[in-house]
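User: Can you walk me through how to read the features of this model, one at a time? I'd like the general idea and then the case at hand.

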Amino acid sequence: MMESALTARDRVGVQDFVLLENHTSEVAFIENLRKRFKENLIYTYIGSVLVSVNPYKDLEIYTKQHMERYRGVNFYEVSPHIYAVSDNAYRSMRTERRDQCILISGESGAGKTEASKKVLQYYAVTCPASDKVQTVKDRLLQSNPVLEAFGNAKTLRNDNSSRFGKYMDIQFDFKGAPVGGHILNYLLEKSRVVHQSHGERNFHIFYQLIEGGEEDLLRRLGLERNAQQYQYLVKGNCPKVSSINDRNDWKVVRKALTVIGFTDDDVEELLNIIASVLHLGNVQYGSEESGNAYITTDSQIKYLSRLIGVDGSVLKEALTHKKIIAKGEELMSPLNQEQAASARDALSKAIYGRTFTWLVNKINASLEFKDSSFSSKNASVIGLLDIYGFEVFQNNSFEQFCINYCNEKLQQLFIELTLKSEQDEYEAEGITWEPVQYFNNKIICDLVEEKFKGIISILDEECLRPGDASDITFLEKLEDTVGGHPHFVTHKLADGKTRKVMGREEFRLLHYAGEVNYNVNGFLDKNNDLLFRNLKEAMCMSENKILTQCFDREELTDKKRPETAATQFKTSLAQLMEILMSKEPSYVRCIKPNDAKQAGRFDEVLIRHQVKYLGLMENLRVRRAGFAYRRRYETFLQRYKSLCPETWPNWQGRLVDGVSTLVKHLGYKPEEYKLGRTKIFIRFPKTLFATEDALEVRKHSLATKLQACWKGYSQKTKYRKLRRSAIVIQAWWRGILARRRAQRRRQAAETIRRFIKGFIYRHQPRCPENEYFLDYVRYSFLMKLSRNLPKNVLDKSWPTPPPALAEASEHLRKLCMQNMVWKYCKTISPEWKHQLEQKMVASEIFKDKKDNYPQSVPKLFVSTRLNGEDINPKVVQALGTDKMKYAVPVTKYDRKGYKARSRQLLLMGNSAIIAEEAKVKQRIDYSALKGISVSSLSDGVFVIHVVCEDNKQKGDVVLQSDHVIETLTKVAICADKINSINISQGSIKFTVGQGKEGIIDFTSGSELIVAKAKNGHLSVTAPRLNSR
Ligand SMILES: Nc1ncnc2c1ncn2[C@@H]1O[C@H](COP(=O)(O)OP(=O)(O)O)[C@@H](O)[C@H]1O
Ligand SMILES: [Mg+2]
């Protein structure tokens, strides 16, 4: 699918030189480069190395869409691009967790700096942003314009030539988000501050400030908007460059400074320094007759003094004198005009150089990731090396010597890692291999850096040695020491032809990238890099905050001689090599198509030269014959074992057999790989990519499976735990229940046993064997009693007590009855009481004696059966004041014929009255009442016996009442004759008057009949009652 994404244009020539048919032919190689360059295809691979040809024009290949296209895609699936290299490094860092570095090499102007910026932009856009440090991307990006303004300059080779080396670490967190950065800078070309070759410029910042600085800023700095006014800016005679817009760049830089975290004060202090360097350059000297220098431009001193905050007279003295310490005494020795000028320049260089270092530190502080939880251990790093490229000028000095030495070292690293070690490895692994010859530039590196014998050592020696050492004596020393070296020539040692193109003060090095003549003039000074002590002292007094950091007072007291510039550089390069070696490198090889910085011009000679010295042909040959990838068996097996059933999950046998099984299963063809001693070698990237893709797919399914397993496992574990807990609780609870049950059973058995025993011994006196039983019997009786107490006085039920409790039971029963009675009595009303009293009387008289008594019990006695209106008023009147207590209608039977007459019986306070209508027929005083007779049957007939002493008395009265019990009870009470009521069986005799007697006979029958019998008696037939 990716193949189809490539346009036809992308396929011009070959995208990878490895695919070149005639891969040993340099002509074919260059032809491929040319073809592609014509189509603006500036990128081509040699395996994983990216070859880039500077187009010198803006191509539409760096848009966001382009970045997206390369993101997360395999290297070879899209057309070659710097983004592909960037992405590859990023992914390797993420997947293999190895620090990476991208090494960009090529001569000056070949496009290294641009390439490094593209890489940085790619990361800034495509990497996830860390929420904690959102600003770091901006800062990383914005550090570039600032560093370029202060460290880049127009040279003959490049309008934006880096005049310092730069290695930048981009730090990523574990999620792959850039979180910080760190920059290492290498040897700034300070000499440019005071001098520029023809056609070159000073560092950009000077022009940017003068062109872009606001009016009042310039006024404050005492600057004019005219670069021609400044001695340090006119040497190259090149104030304007068409490709550079200083005014715009100023704005960019000014903004970038803010983004990086410079306050307005920081910027002001920084610009004060830049301006003071310009003012320093304009300090002019005159010569006194004595030859001593004096300053002719006081106005500059005034500005300087203000800008850097150092007293004017101190400055003036420092700029014209030199402090000598002789025999412990300090002496100020005046300088001549020339010495003074070089002291001034030395100061300018020192100020600028140190400020630049301060700037890098300041940027580093702003890029530093300050999260304490973030240690560099779990950070991954991608290093980006953009260092000055190999360069040759008409006149080459100490700086070029250093720059080119640096490039030798990088080339050495490249050779080490791509050509030499690769071939060594094939040999070590026992892979059949036809060695590829290549030029190893180690010999040149040694020539420059070897201890004691190398050029740097010799230079240092000349610098340090007492006596009249000069640049020339240095040259002579070189001739003496390394004169015989195949890569070293001087005018004196050269053959005739070479001699013609060499000056007498030059030495020539045959670099891997070409021959360069170095003029020894100034080598010693530049290497010494000395600043007079009194100038340092003056700077230490500065009130400028940046300068106080740059010039440390401790430096003044430090007696140790500082390392020379070349040695410092050598040491820092060695450290750089170590940093690079510790990381996995990616290479970008930049090629410059022409010297004129022109678009579309393909200078074949120039390009062939670069192809040659960059070793690209050898690189290709090794790559062609060799293998794109190698992995140790264990690594390979570990990574891909999931792709083959025999190796998954673990291979038990020898590693090599495992790998062999695995690749056979994957369908690798024999020509695609070789098995070495400890590693597998894979010839084509696409083979590995296919395997990677398969792994990606497999990983997903494995992940799902793992997830499922894990979920299952964790759920099961949870469930088991739950179950176990439940069982524990259950068992515990069951235990408790069982124990309780057992206990109860034991108790029950015990109780039963005691019970039985107690039952057996129940008749014995109380003893341990029966006490429980007896107690229980008592207890249960009492409990039963308490539950079944009689409800009322009539309820006579009472449980049978055990013998021991018979007495108590009786007491209780009485108490209970008393209590009930008492309770009952408490509740009864007076009327009811009265009623009951009468009932009591009735009971006393009639109970068990008269048949209709039981019937009368439930019937309430009434107070009277005749009210006031029922009784004739005349009778009432006749009775007078005596209160009537009871009245009832009765039937009276005559004494003679026993005729029944209706009468009223009225009970008064002292007598009973028998009334007929309005007449009081008979008054019986209670005192005269002898008694009352009544039968035992159910009839209502009774006889009131009266004392019959006088004849006025009519004799006994036979009456009949329907309420005989009530009536008689009332009479008995009223007359107080309770004991005088006699109940007779059979007949009643009564007196009729004048001594005559009558008899009443009682019999039982079906109904009440009262009549005169034939025998002259009154016969009463009482109805038989059912209850009897
Ligand atoms: N990829 C590119 N696209 C367009 N122009 C480029 C590209 N690479 C380099 N250039 C041009 O070449 C000039 C020099 O490139 P630079 O990266 O500064 O060279 P180096 O750092 O190798 O000395 C740049 O200023 C730019 O004009
Ligand atoms: Mg550069």
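**Reading the model**

Analyst: Let's start in a loop: histidine 763 sits between helix H30 (685-760) and H31. Helices here are DSSP runs of H or I with at least four residues, strands are E runs of at least two, and both are numbered from the N terminus. Some ground rules: this is a predicted model, where local features need pLDDT of at least 70 and side-chain atom pairs count only at pLDDT 80 or more, while totals for chains, interfaces and linings use all residues. Residues are numbered from 1 along each chain as written, chains are lettered from A and ligands numbered from 1 in the order written, and side-chain values use heavy atoms, leaving out hydrogens and water.

User: Is histidine 763 buried or exposed?

Analyst: The cut-offs are under 20% relative accessible area for buried, over 50% for exposed and partly exposed in between, with a 1.4 Å probe and protein chains only as cover. Histidine 763 has 67%, so it is exposed. Its side chain also makes a polar contact of 3.2 Å with the side chain of arginine 762. A polar contact is a pair of N or O atoms within 3.5 Å; within protein, one must be able to donate a hydrogen and the other to accept it, and residues adjacent in sequence count only if both atoms are side-chain atoms.

User: Which polar contacts does the side chain of histidine 945 make?

Analyst: One goes to the side chain of serine 933, at 2.5 Å. Another goes to the side chain of aspartate 956, at 2.8 Å. Histidine 945 belongs to strand E25 (residues 941-946), and its relative accessible area is 11%, so it is buried.

User: Now the ligand. Which residues are closest to ligand 1?

Analyst: A residue is near a molecule if one of its heavy atoms lies within 4 Å of it. Here 15 residues surround ligand 1, the closest being Asn54, Gly109, Lys112, Thr113 and Glu114. By class, the shell has four nonpolar, seven polar and four charged residues.

User: Which backbone atoms lie by the oxygen atoms of ligand 1?

Analyst: Glycine 109 has a backbone N or O atom 2.7 Å from a ligand 1 oxygen. Alanine 110 has a polar backbone atom 3.3 Å from an oxygen of ligand 1, and for asparagine 160 the distance is 3.4 Å. On its own, ligand 1 has 550 Å² of accessible area, and the protein covers 86% of that. Such areas come from the Shrake-Rupley method with a 1.4 Å probe; for residues, only the protein chains shown count as cover.

User: How many residues of H5 are buried?

Analyst: H5 is mostly covered, with 12 of its 15 residues buried; among them are Lys112, Thr113, Val119, Leu120 and Tyr123. An α-helix has 3.6 residues a turn, so residues three or four places apart point the same way. To check length, take 1.5 Å times one less than the number of residues. Helix H5 (residues 112-126) should therefore span 21 Å, and its end C-alpha atoms are 21 Å apart, which agrees.

User: Which backbone angles stand out?

Analyst: Asparagine 237 has a positive phi of about 55° although it isn't a glycine. It lies in the loop between helix H10 (231-234) and helix H11 (246-260), and at 52% relative accessibility it counts as exposed. Cysteine 238 is in the loop between H10 and H11 too, but with a relative accessible area of 12% cysteine 238 is buried. Aspartate 976 also has a positive phi, near 55°, in the loop between helix H36 (964-975) and strand E27 (981-984). Finally, the peptide bond from tryptophan 648 to proline 649 is cis, with omega near 0°.

Note on methods:
Ala, Val, Leu, Ile, Met, Phe, Trp, Tyr, Cys and Pro count as nonpolar, Asp, Glu, Lys and Arg as charged, and the others, Gly among them, as polar.
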